[in-house]
Amino acid sequence: MKKGFIFDLDGVITDTASFHFIAWKQLADELGIIIDLKFNEQLKGISRMESLERILRQGGKETDYSLEEKEALADKKNTHYVTLLQELTPENILPGVETFLKEAASRAIPCAIASASKNAPFILEKLGIKECFSVIVDPNTLAKGKPDPEIFLRAAKGLAIQPNEAIGFEDAQAGIEAIKAAGMYAVGIQTEEALVGANKIVKRLDELSMDELLKSE
Ligand code: BG6
Ligand code: MG
């Protein structure tokens with residue numbers, strides 16, 4: 001039997017991709033780099049600095065800035081992003097999520113967040129569901145980002161369960177790869193992007209039968 005749930009945040013619990021895009025687009029415009037929504041897809045699940053690197057590469061400007069300057073650019077994007085996050089309310093929780101979390105709580109199944117976002121605790125507070133998660137992995141403490149399994153393994157450890165007792169939920173390919181590399185069962189949340197390697201794919205969490213999910217191998 002599975003004993004715990006580990007969730008990505010952006011695209012699984014709430015849809016912040018459009019806020020990330022608005023903030024990155026403003027910065028890219030200032031730098032004279034063109035990015036569009038299709039390009040934004042490849043930033044999903046990727047850390048702030050790696051996202052900036054990809055944007056600079058997109059504009060052929062990967063060697064134009066020092067590390068200090070890149071940190072300042074990433075901070076600037078984040079300040080804008082955090083301003084946009086002020087608008088978040090419980091209405092921004094994706095459909096099906098609250099029902100699923102309530103059912104998990106009623107069965108005493110612990111839940112964790114494994115998100116690359118350093119804003120995860122703030123976002124969960126704004127959504128009013130922070131207390132649903134007994135573990136929120138701090139991405140500042142990780143050596144590697146997704147698709148490395150480190151973040152999911154750390155979450156399982158925090159929940160005091162074995163990796164093969166955990167179910168991971170992800171909307172990004174890098175995340176599905178991280179869950180599988182951690183030796184966990186992977187549920188993919190379907191977006192425009194095809195998710196390769198997921199054990200199951202759904203559009204929303206309340207499509208899942210928790211009884212069946214907990215028995216899955
Ligand atoms: C991930 C998002 O959850 O968090 C990425 O999918 C984002 O797009 C990453 O870059 C880091 O987020 P933050 O909030 O730390 O800049
Ligand atoms: Mg995501």
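Q: Is Asp10 buried or exposed?
A: Asp10 counts as buried, because its relative accessibility is 18% and buried means under 20% relative accessible area, with exposed over 50% and partly exposed in between (1.4 Å probe, protein chains only). This is a predicted model, in which local features need pLDDT of at least 70, side-chain atom pairs count only at pLDDT 80 or more, and totals for chains, interfaces and linings use all residues. Residues are numbered from 1 along each chain as its sequence is written, chains are lettered from A and ligands numbered from 1 in the order in which they are written, and side-chain values use heavy atoms, with hydrogens and water left out.

Q: Where does Asp10 lie?
A: Asp10 lies in the loop between S1 and helix H1 (17-31); helices (H or I, at least four residues) and strands (E, at least two) are DSSP runs, numbered from the N terminus. The C-alpha atom of Asp10 is separated by 11 Å from that of Phe169, although the two residues are 159 apart along the chain.

Q: OK, and Phe169, what is its bridge partner in S5?
A: The partner of Phe169 in S5 is Val187. Strand S4 (residues 166-170) pairs with S5 in the parallel sense over four bridges, where two strands pair if DSSP finds at least two bridges between them.

Q: What is the strand order of the sheet?
A: The sheet is open and has six strands in the order S3-S2-S1-S4-S5-S6, with parallel pairing. Its edge strands are S3 (135-136) and S6 (200-202), each of which pairs on one side only. Elsewhere in the sheet, strand S1 (residues 4-7) pairs with strand S2 (residues 111-113) in the parallel sense over three bridges, and Phe5 has Cys111 as its bridge partner in S2.

Q: Back to S5, how many of its residues are buried?
A: Five of the five residues of strand S5 (residues 185-189) are buried, so the strand is largely enclosed by the rest of the structure. Tyr185, Val187 and Ile189 point one way from S5, while Ala186 and Gly188 point the other way, and all are buried. In a regular strand the side chains alternate between the two faces of the sheet.

Q: Switching to charges, how many salt bridges are there?
A: The structure holds 15 salt bridges, a salt bridge being a side-chain nitrogen of Lys or Arg within 4 Å of a carboxyl oxygen of Asp or Glu. One of them joins Glu170 and Lys146, whose closest N and O atoms are 2.7 Å apart. That pair links distant parts of the chain, with Glu170 in strand S4 and Lys146 in the loop between S3 and helix H7 (150-159), 24 residues apart.

Q: Are those two residues buried or exposed?
A: Glu170 counts as buried at 1% relative accessibility, and Lys146 also counts as buried, at 10%. Both belong to a network of salt bridges that links Asp8, Lys146 and Glu170.

Q: What about the pair Lys144 and Asp148?
A: The side chains of Lys144 and Asp148 meet in a salt bridge at 3.9 Å, N to O. Lys144 counts as exposed at 52% relative accessibility, whereas Asp148 is partly exposed, with a relative accessible area of 22%. Another salt bridge brings together the side chains of Glu125 and Lys130 at 3.3 Å, N to O, and Lys130 counts as partly exposed at 30% relative accessibility.

Q: Next, backbone geometry: which residues does the cis peptide bond join?
A: The cis peptide bond joins Lys146 and Pro147, with omega of about 15°, and Pro147 lies in the loop between S3 and H7. Most residues other than glycine have a negative phi, and most peptide bonds are trans.

Q: So which residue has a positive phi of about 60° although it is not a glycine?
A: Ala108 has that positive phi of about 60°; it lies in the loop between H5 and S2 and is exposed, with a relative accessible area of 66%. Ala160 likewise has a positive phi, near 60°, lies in the loop between H7 and S4, and is exposed, with a relative accessible area of 70%.
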